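Have the coordinates open while you read.

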Amino acid sequence: MGFYSFLWKCIVLLWCAVQKLPPKPVQQFTPEIKNSTQSLHLKSVHRYMNESVDPCENFYDFACGKWKTYYPANQTVKHTTRLFDELNKDFDRKLTEILKKQDVTDNDSERKVKTFYFSCLNPEGGTKFYIKEKFKQIASEFDLYPSVQIFQGHRREQAFDWLETVAQISHKYGLNIIFGYSIKPDAKDNTAHNLILGSPHFAPHYQRLRHEYETILGYLNLNAATANGIAWELVDFESALLQANRYGTKSPLNDSIDSIHKEYFPHVDIKKFLNISLGYVPVGVVWLENPGYLENLIKTLKWTPKKLLINYIVTKLLHHFWTDLPLQFFEQMDVCLKITKEKFPHILSQMFFKSNKALNERIYAIETLWSQITSTLRTIFDSKRPLWFDKFTRQMAREKLNSMTLHVATYQDYDFDQEYRWLWFTPNDYIENLRSLSGFEAFTRRHSLYQKPQHEHISLDLKTPVYVISSNSIVVPVSILNSNFLWSTSNLNLMNVAHLGFCLAHEIMHAFSGAGRNYNQLGNFYKYWNKHAEHEYTKLEACFADQYGNLTENAKYLPKLHRQVHKQDENMADNAGIVLAYETFKQSHKYELDPTLTYTYDQLFFITYAQLWCSDTWRKETMQNFLPMGRHAHNELRVLVPLKNFDQFSSTFKCPKGSPMNPNHKCKFFH
């Protein structure tokens, strides 16, 4: 009896102690953890946060404040670190493993890609003797060898025809030097191509270019001093060509070949150029991309010595076949992989997909997420937002959305063996393989003029989906399928929507802003917005231009691009995209949270969205040097501006009116 009496007393004492405990606080949510992996993902979100920062003061620092602790930038190796770059490294590592593996099941096109990759890594391909011999062969094809200093004062210099030479190079290798052509889908009929005449692409990095030209000239038996002097002349000449294009800009000209030929003959013989480069003179009309360039080119060539033209043409030709391979083998692997990705994005996409059949699950998930986002946008359109859409504009926008397609670029059913059947590579002869590939690409380009356009020309360096105007479609590169960060079954669904969902939403909104709004549901040029909608859109552009243009980093304004009214399409897509992704999230099913995180569902959505753009720049005061000169704002601003314009964000974090993240004046696409 003594034992039971003691046990009873213990139970009574324990009950009294429990009664005296303070009541357990009631949480807003009663979450469950789906699995341990999901909990781990949420902890990785938490580790990048700096919770000592007030989210209403600077939400980027709040969400990404500790990013640099794990991925610091430095002066020598990484001036900047970005999350998307880290994701791409993992994809590149897997691609490298695929390329290194010799498999008996490889088809013909896969073996060709692997042969090309390994030829780039061949150590003999980097020897000076090998490069000199190859450069001699290439230059001799167009009577550009030996070096031009032998030509000086010779009758061959006076008889040199630059147009004929660049046309021959264009025909053989598809290169545009001084003057050239491109073949692009017709904006008004995407089932046909246009022939476009114009300038080549000029690289603005002249210091690096001068060094590369000097190196190439050294392989033509020129001494260092002579090579250095000629390299400076070539850079000056290329700068003059760039200025001729930039400051001579005129509206594109669409006219018959006869009319354009007559306008510029005999200074530039258009028919001769086309007959040599294409192998025939096309009938019908062509586009002259910038008539001002051709006019200024004629003036520039009048004072340019022919010996300089010869030097420039031969150096530009050889520059195409020259690769500056690092000394370290692992760095060479990175360079060779980058080149292989640029040359064979479609085959590598197929190879990556074949290597992991489990990716089908991810494709299905992406298609499901796409369906949810487009459904949300239809709901937005049906709710009469944006208010400045008139009835006809809204109807056309809805039709365009209904016709939009999603294409995950796996190319699983495409026969690349047939497409590349006439392409041959030689083991361990990289430059020869480049010649073979360039010739193949030139042949393919010439014969594409009268063929139906292939729209899904993707790059494997694309880290996010992309909207293709000419086909009214979203293309998702296979690199997206590799990323557990952007989408994973072990992520909370709200994380998938905040990450990949936003990326899809951003691209969808390109169909209704910027250049995309001027194309119909078929991907053909057609301005369906009426004057009222265009007027309101222009006001919205001005609002964003003013907002982004007055933001500073270390007392310096952002690049001029963000202050230009008609260059706001990326900023608009960011601002509209986060609204679309958020409303998709709100219409989704219930979420399960890790109870160790004291944030609501909505708060966690905005935090995980912000962490898409976590980055670090070496020495904060030098950030201005690394601000993008393209159309995207800096990563930090891709968080701050769209969220400070979004009322649901400020209400979620209870930011006071007039605080940095809840300003009095906001720019809104959906209002």
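1. Is N472 buried or exposed? Bear in mind that we're looking at a predicted model. N472 is buried, because its relative accessible area comes out at 0%, and the cut-off for buried is under 20%. You'll find N472 in the loop that runs between strand 7 (466-468) and strand 8 (473-476). The backbone deserves a look too: phi of N472 is near 50°, a positive value in a residue that isn't glycine.

2. Now for another asparagine, N221. Its phi is near 65°, again positive in a residue other than glycine. N221 sits in the loop between helix 10 (206-218) and helix 11 (224-246). As for cover, N221 has 48% relative accessibility, so it counts as partly exposed; exposed would need over 50%.

3. Next, the cis peptides. Where does the cis bond at P266 come from, that is, which residue does it join to P266? The partner is F265, and omega of that bond is about 10°. P266 belongs to the loop between helix 12 (257-264) and helix 13 (270-277).

4. There's a cis bond to check at P386 as well: the peptide from R385 to P386 has omega near -10°. P386 is also a loop residue, placed between helix 18 (359-382) and helix 19 (391-403).

5. Finally, the chain overall. It has 29 helices and 11 strands, and 52% of its 671 residues count as buried. Taking contacts between residues at least 6 apart in sequence, 74% join residues at least 24 apart. The accessible surface comes to about 32,300 Å², and carbon and sulfur atoms account for 54% of that.

Note on methods
Residues are numbered from 1 along each chain as its sequence is written. This is a predicted model: local features need pLDDT of at least 70, side-chain atom pairs count only at pLDDT 80 or more; totals for chains, interfaces and linings use all residues. Side-chain values use heavy atoms; hydrogens and water are left out. Helices (H or I, at least four residues) and strands (E, at least two) are DSSP runs, numbered from the N terminus. Buried means under 20% relative accessible area, exposed over 50%, partly exposed in between (1.4 Å probe, protein chains only). Contact means heavy atoms within 4.5 Å. Accessible areas come from the Shrake-Rupley method with a 1.4 Å probe; for residues, only the protein chains shown count as cover.
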